[in-house]
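Subject: Structure handover and findings

Dear colleague,

Please find below the structure for your records. The findings follow directly after it.

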Amino acid sequence: MTASLAAAPTRQLRQARAAVAALFLTNGAVFFNIVPRYPEIKESLGVGNAVLGTALAAYPVGALISGLFAAVVIRRYHSARVGAFGIVLTTLITLAIPAAPNWIAFAGVLFLVGSLDSVVDVAQNAHGLRVQRSYGRSILNSLHGVWSIGAVIGGLMGSAAAGLHLSLSVHLAISAVTFSLVALVAYRFLLSGPDDADRDSSPVSSGSSTSSSSSAGGWRRYSGTVVRILAALSVLAACGALVEDAGASWGALYLSDYLNAAAATAGLAVVVFQAAMTAGRLAGDRVVDRFGQRTVARVGAALAALGMGGALAFPTVATALIGFALAGLGFATLVPAAMHAADELPGLPHGTGLTIVSWLLRVGFLVSPPLVGFVADLTSLRVGLLTVVVAGVLTFVFARVLSVRQAVAR
């Protein structure tokens, strides 16, 4: 590890960390302003759960398609510019949601929002990992924690707007102006230049559970092992996405439709989910450094599966909120862990692992809405949310590819 990585961060680097954290915050807040208004949107469109789930699936479809071009866009325009101005453009597109006359138009708007989000997501993570490399210690969990803070802020704004019966047009206009300004101010403090300019040419090992043959040379000789581990990391990221979508897309509907909660109370499902996830991510860097990615992921998966399983077995507003909170806490560090492990995976060109996992985790967002919606219409939303329990079991199994101990410089 170079001396520059061990040095104390400069003022410019601290400003860059705060700026990229601001991008994570806006990215979470913009979308989660919309989520608590789903019951209202569903009613105004006059659709059922399956149709709504199909419309919501347009978001990850757009993300999957545009995600293929994220690396090219970022290489040309750099992560700072793509991240900041992508947020501004996203907020402008959300303003079309209240004008959607039917579910197809609503799906079209979500397709565009998802398309932009996947590129912005890769850009902000690429910039965050660049800052992390310069810091010489883990900061990515805390950045994702700030994203969760943004999601909580957005969820609270959306819940308050719903409770106050504020029109969706006015609500989203306030959101667009506020978070566009934050992104534009942050842009001037981000790091300039190519995103791999300061990257160590010899990436550290991700410390996965393979044998000692998993040195850099070993990885290159056995590329099939790299592919299998990258696939497992993608499954983990997809499970994290599925659980996050369950809390985001269906939490408010579960409380309002199944448990007959009021609009403001129903919106708290996404708030408690993101609040717990925020707490887990803010503490995640220290916890993962102490216990290792694998142990934290497995304990978290068990916590989420048992918590949500218990909440669905004994359905009340209180148990539902506790279940969503435990799911958020349990899956708090999973996506950052998968991204970090993929980005540092030896035997792959720099940035390839991050781009692939970032793209494939969107499969979880693509599969979850129509799957849960279909099961909900066939049986009930209570049964549909068992996907969280299934994701917990899969995570426990596939977490074996994560590191036993975090490999960062101190």
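Among contacts (heavy atoms within 4.5 Å) between residues at least 6 apart in sequence, 86% join residues at least 24 apart. The model is a predicted one, in which local features need pLDDT of at least 70 and side-chain atom pairs count only at pLDDT 80 or more, while totals for chains, interfaces and linings use all residues. Residues are numbered from 1 along each chain as its sequence is written, and side-chain values use heavy atoms, with hydrogens and water left out.

Confidence and overall make-up

The mean pLDDT (the predictor's confidence in each residue, from 0 to 100) is 83, and 89% of the residues reach 70 or more. The pLDDT falls below 50 over residues 201–222, a stretch that has 40 contacts in the model beyond near neighbours in sequence. It is also below 50 over residues 406–410, where 17 such contacts are found.

The protein contains 22 helices and zero strands; both are DSSP runs numbered from the N terminus, with helices being H or I of at least four residues and strands E of at least two. Of the 410 residues, 57% are buried, where buried means under 20% relative accessible area, exposed over 50%, and partly exposed in between (1.4 Å probe, protein chains only).

Nonpolar cores

A nonpolar core is a set of buried Ala, Val, Leu, Ile, Met, Phe, Trp, Tyr and Cys residues joined through side-chain atoms within 4.5 Å. The largest has 113 residues, and those with the most contacts inside it are Phe106, Leu233, Tyr254, Leu255 and Leu402. Helix α12 supplies the largest share of this core, 18 residues. A second, separate core of six residues includes Val82, Val119, Val122 and Ala123.

Leu255 touches, among others, Val317, Ala320, Leu321 and Phe324, leaving aside residues up to four places away in sequence. Cys239 is placed in helix α12 (residues 223–258) and is buried, at a relative accessible area of 6%. With the same exclusion of sequence neighbours up to four places away, Cys239 touches Phe331, Ala391, Leu394 and Thr395. Between Cys239 and Val363 the C-alpha to C-alpha distance is 9.2 Å, although 124 residues separate them in sequence. Ser358, in helix α19 (residues 352–360), is buried at 3% relative accessibility and touches Val122 and Met339, not counting residues up to four places away in sequence.

Salt bridges

A search of the whole structure finds three salt bridges, each defined as a side-chain nitrogen of Lys or Arg within 4 Å of a carboxyl oxygen of Asp or Glu.

- Arg37 and Glu40 meet at 2.7 Å, N to O; Arg37 is buried at 1% relative accessibility, whereas Glu40 is partly exposed at 35%.
- Asp257 and Lys42 meet at 3.1 Å, N to O. Because Asp257 lies in helix α12 and Lys42 in helix α3 (residues 38–45), the pair ties together parts that are 215 residues apart in sequence. Asp257 is partly exposed at 43%, and Lys42 is buried at 14%.
- Glu244 pairs with Arg281, the closest N and O atoms being 3.2 Å apart. The pair links helix α12 to helix α14 (residues 268–282), 37 residues apart. Glu244 is buried at 8%, as is Arg281 at 1%.

Yours sincerely
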